[in-house]
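Here are my notes on the model you sent, as numbered points. Please read them with the structure open.

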Amino acid sequence: MNSSHPPHAVDTLLEARWVVPVEPHGVVLEHHSVALAGDRIVGIAPIELARERSPNAKRVELAQHVLLPGLINAHTHNPMTLMRGLADDLPLMTWLQQHIWPAEAKVMGPEYARDGVELAIAEMLRGGTTCCNENYFFPDVIAATYRRHGFRAMVGLPVIEFPTAWAKSTEEYFDKALAVHDEFKGEALIGTSFAPHAPYTVSNASFERLRMLSDQLDIPVHLHLHETAQEVEDSRRDHAVRPFARMQSLGIINDHLIAVHMTQLLDSEIAQIHEAGVSIVHCPESNLKLASGFCPAEQLRRAGVNIALGTDGCASNNDLDMFGEMRSAAFLAKGVAGDASAWDAASTLRAATLNGAKALGWGDRIGSIEAGKQADLIAVRLDDIETSPMYNVISQLVYAAGRHQVSDVWIAGVRKLENRVLVGMDIRELMTKAQMWQTRIASSA
């Protein structure tokens, strides 16, 4: 067993038909156990050997399952789960300016943020997601909700140049951001990032201040960037440069940046992204639905850029299904690159796990099954009609499996989904609240 821990430290053995640790890349282990001690992974060993070494450990038998790291949704707006399907089939700016922002102005508040996040947590757990990178207003409520449910999250601290129910001025956005950061600093499952909305909604002065604070606090900057061709054209008109060049001049292009969407990129920008250590979050389904453009995902991967996956919010996707996102990302990358070998299955799974962890600055903590890391794990049952016969486990996960096959989920060693049943969450209550918000939002539209 890959561990320096004494045998008595192991309290649980997860015994799986297959284990996909993600690191080493592309490896599939058959009939292995993952040993847990509290919230941590102790190591991996063949099942019989693990039993000999830890005879008193609780055993969880996963005879028809693959065990893998929990999926990481690296870009979400989870309160917007309550706006799923509200304004479909519209281009980005029409969707935002004429539908989403007006609707948010009428209902946004702490209860909306809390209830939307709770609904999202249930959906994510049932789909094998154990960590998300959140970006929305009322981050204090959002962070407290994730903490209460034991869900791992990087919570964005919003900055935007117009008033909302969260803050009325630029100064208030910054004051509240720093207060929330201080409140949740040191939390085991919660991190914070700065979340300026986009280049077209945040001023140069705010970006300069964000860069300084990001450096001082050593936290990421989570930014929509180069989402559409219109964004690039508008920036050239208003600032005489492309958004990327503007961000570069303001010091934002560095290894703290999590750049989301990036559908409009030049070869020279890709080289600069790699050199600066920027992480990119690819949101293929949202980009397709809003006709925002195509992220050159394979070109970025080959350039050595750390590229993760996100669903975006339910108002523009319309789900939090990371299995669907993996499949869409792989297929789209192949089509855009004109290369069937682009975004192979193992690289796609890595984008949804370890690359997401690295983007958040948590690559040493989660994203792979390695000794010493947090026990964020999922079991996927692969004996269904839809995933038979079995030739290649990783290919089956990316190209055939669905989120309905996720049977069990652990976050920091705590079981959150057991045989498809949510632990500690009341589905009836969630559905009642969702219906209440549907009635309220529909009546205010």
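This is a predicted model: local features need pLDDT of at least 70, side-chain atom pairs count only at pLDDT 80 or more; totals for chains, interfaces and linings use all residues.

1. Val 34 has Ile 44, in β3, as its bridge partner. Strand β2, residues 29-37, runs antiparallel to β3, and six bridges join the two.

2. Which order do the strands of the open sheet follow? There are eight, arranged β3-β2-β1-β4-β13-β14-β15-β16, with mixed pairing. The edge positions are taken by β3 (40-46) and β16 (421-422). Each of these has a single partner strand, so one side of each has no neighbour in the sheet.

3. Helix α3, residues 110-126, packs on this sheet. Its contacts there are with β14 (406-411), β15 (414-418) and β16. The direction of α3 makes about 115 degrees with that of β14.

4. A separate point concerns Thr 228. Where does Thr 228 lie? Its place is the loop that links β9 (221-225) to α7 (229-239). The side chain of Thr 228 reaches the backbone nitrogen of Glu 231 at 3.1 Å.

5. Is Thr 228 buried or exposed? Its relative accessible area is 12%; the cut-off for buried is under 20%, so Thr 228 counts as buried. Leaving aside residues up to four places away in sequence, Thr 228 touches Leu 92, Thr 263, Gln 264 and Ser 292.

6. For a distance to check on screen, take Thr 228 and His 261: 33 residues separate them in sequence, and their C-alpha atoms are 8.5 Å apart.

Conventions
Residues are numbered from 1 along each chain as its sequence is written. Side-chain values use heavy atoms; hydrogens and water are left out. Helices (H or I, at least four residues) and strands (E, at least two) are DSSP runs, numbered from the N terminus. Buried means under 20% relative accessible area, exposed over 50%, partly exposed in between (1.4 Å probe, protein chains only). Contact means heavy atoms within 4.5 Å. A polar contact is a pair of N or O atoms within 3.5 Å; within protein, one must be able to donate a hydrogen and the other to accept it, and residues adjacent in sequence count only if both atoms are side-chain atoms. Two strands pair if DSSP finds at least two bridges between them. Axes are lines fitted to C-alpha atoms, for helices over the stretch in contact, and angles run from 0 to 180 degrees between N-to-C directions.
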